[in-house]
Amino acid sequence: MAQEKHLSDLEAVQRLKNAYEQLRAELRKAIIGQEKVLEQLLTCIFAKGHGLLIGVPGLAKTLMVRTVAQTLSLSFNRIQFTPDLMPADITGTEVIQEDRSTGQRCLQFIKGPVFSNVILADEINRTPPKTQAALLEAMQELQVTCGGRKYTLEEPFFVLATQNPIEQEGTYPLPEAQLDRFMFNIMVDYPTENEELEIMKLTTSSFNIQLDKVLSREEILQLQEIVRRVPIADHVINYAMALARQTRVHPSIESGLPANVPEFIREWVAWGAGPRASQYLIIGAKAHAILQGRYYVSTDDIKAVAYPVLRHRIITNFSAEAEGITTDKIIDKLIEITPVDESELSRNGRLPKVLGSARSE
């Protein structure tokens with residue numbers, strides 16, 4: 001991509017949109033349907049985030065991640081999480097090596113499977129918490145510490161984890177602190193009847209799928225930087241903040257319980273989304289806008305990423321579970337009642353006062 005270093009941002013946006021269309025075309029060779037899942041997965045990757053894919057077995061979650069890695073020319077490793085998996089099995093370990101010519105011994109670090117661009121953490125809830133936590137430093141700091149030394153991971157780096165929602169025996173649910181490290185929580189649903197028919201035809205034949213490389217590592221890194229530079233209006237930022245702040249039902253030390261919390265939030269939510277949700281709403285919306293070929297962010301882009309960003313950051317209470325209220329239904333109602341106009345946000349008290357005073361100055 002050396003010849004594209006002098007392209008303007010608008011030209012680079014068109015380059016990314018074209019690459020996105022090529023990626024979708026390549027992925028359709030191996031993946032039938034799941035259009036929304038693929039869109040959210042690619043949005044998460046170009047936004048420089050990690051994704052959690054939740055769905056029952058047999059919905060091609062593993063195939064999806066492996067296919068994405070192949071079309072992006074990235075190194076790929078799959079880690080099958082099991083109850084006996086140890087942290088060193090993921091990060092690597094130090095072993096004693098002997099120099100035969102001198103007889104001297106020294107410790108040498110043997111890298112684990114986490115040293116790759118795309119990590120498929122398969123059935124991440126099947127392993128104990130200490131092994132799950134081994135991914136935390138890699139996901140957040142892009143490094144691994146062993147024997148007091150830090151080893152930097154090569155960028156781009158994505159952890160795409162899968163989880164089976166129906167099997168609970170012998171599982172270790174991810175704690176909220178680790179769930180929050182995942183930018184998107186992507187729900188993988190059953191295919192439609194026509195899609196399943198196409199799947200049967202494709203997977204029961206001898207047809208050999210050949211995937212083309214679409215983007216190189218260097219191109220992906222450049223396009224990720226372009227996503228960060230996408231301009232966003234104040235009222236769109238405020239809209240994202242309003243969605244996150246309205247989910248908080250617990251008082252803060254300084255301001256107490258927010259007065260603008262909707263009644264259904266007080267009734268159904270135990271804990272709301274933190275500031276990281278607002279950050280990911282904005283970054284995800286920027287990536288979504290770019291993939292649509294636009295160099296600006298609208299409130300529709302915020303809505304498009306609201307579900308994968310918020311669904312694992314809103315903790316429902318017993319009343320919601322008893323009534324069959326899911327986090328997606330709560331997000332539905334939040335989007336329905338939250339105005340998209342800045343003046344309406346201000347009039348309803350859904351903007352922080354500090355922002356209003358900053359604008360008046």
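What follows is a short walk through one protein chain, from its overall make-up to a few of its residues.

This is a predicted model: local features need pLDDT of at least 70, side-chain atom pairs count only at pLDDT 80 or more, and totals for chains, interfaces and linings use all residues. Residues are numbered from 1 along each chain as its sequence is written, and side-chain values use heavy atoms, with hydrogens and water left out.

Start with confidence. The protein chain averages 84. A score of at least 70 is reached by 88% of the residues. Over residues 1-6, pLDDT stays under 50. Over residues 351-361, pLDDT is below 50 as well. A contact here means heavy atoms within 4.5 Å. Beyond four places in sequence, the model gives residues 1-6 a count of 7 contacts. For residues 351-361, the count beyond near neighbours in sequence is 12 contacts.

Now the overall build. The protein chain has 17 helices and 11 strands. Both are DSSP runs, numbered from the N terminus: helices are H or I with at least four residues, strands are E with at least two. Take the contacts in the protein chain with a separation of 6 or more: 76% of them join residues 24 or more positions apart. Of the 361 residues in the protein chain, 46% are buried. Buried means under 20% relative accessible area, exposed means over 50%, and partly exposed lies in between (1.4 Å probe, protein chains only). The protein chain exposes about 18000 Å², and carbon and sulfur atoms supply 51% of it. Accessible areas come from the Shrake-Rupley method with a 1.4 Å probe; for residues, only the protein chains shown count as cover.

Next, go to L27. This residue sits in helix α1 (residues 9-30). L27 is buried, with a relative accessible area of 0%. Setting aside neighbours within four places in sequence, L27 is in contact with L38, L42, T67, V68 and T71. L38 is 11 residues away along the chain, and the C-alpha atoms of L27 and L38 are 8.3 Å apart.

T71 is the next stop. T71 lies in helix α3 (residues 61-71). T71 is buried too, at a relative accessible area of 0%. Not counting residues up to four places away in sequence, T71 touches L23, E26, L27, L211, D212, K213, V214 and L215.

L72 comes next, in the loop between α3 and β2 (76-80). Its relative accessible area is 0%, so L72 counts as buried. With residues up to four places away in sequence left out, L72 touches L23, I45, L215, S216 and I220. V118 lies 46 residues from L72 along the chain, and their C-alpha atoms are separated by 9.9 Å.

Among the buried residues of α9 are E219, I220, L223, Q224, I226 and V227. They lie on the same side of α9, because they cover an arc of only 160° around the axis. That arc is taken from the directions from the helix axis to the C-beta atoms. Helix α9 covers residues 217-228, and its 12 residues should span 16 Å at 1.5 Å a residue. The expected span is 1.5 Å times one less than the number of residues. The end C-alpha atoms of α9 are 17 Å apart, which agrees.

Finish with the cysteines. C44 is buried, at 0% relative accessibility. C146 also counts as buried, at 15%. How many disulfides are there? Counting pairs of cysteine sulfur atoms within 2.5 Å, the total comes to 0.

Note on methods. pLDDT = per-residue confidence, 0-100.
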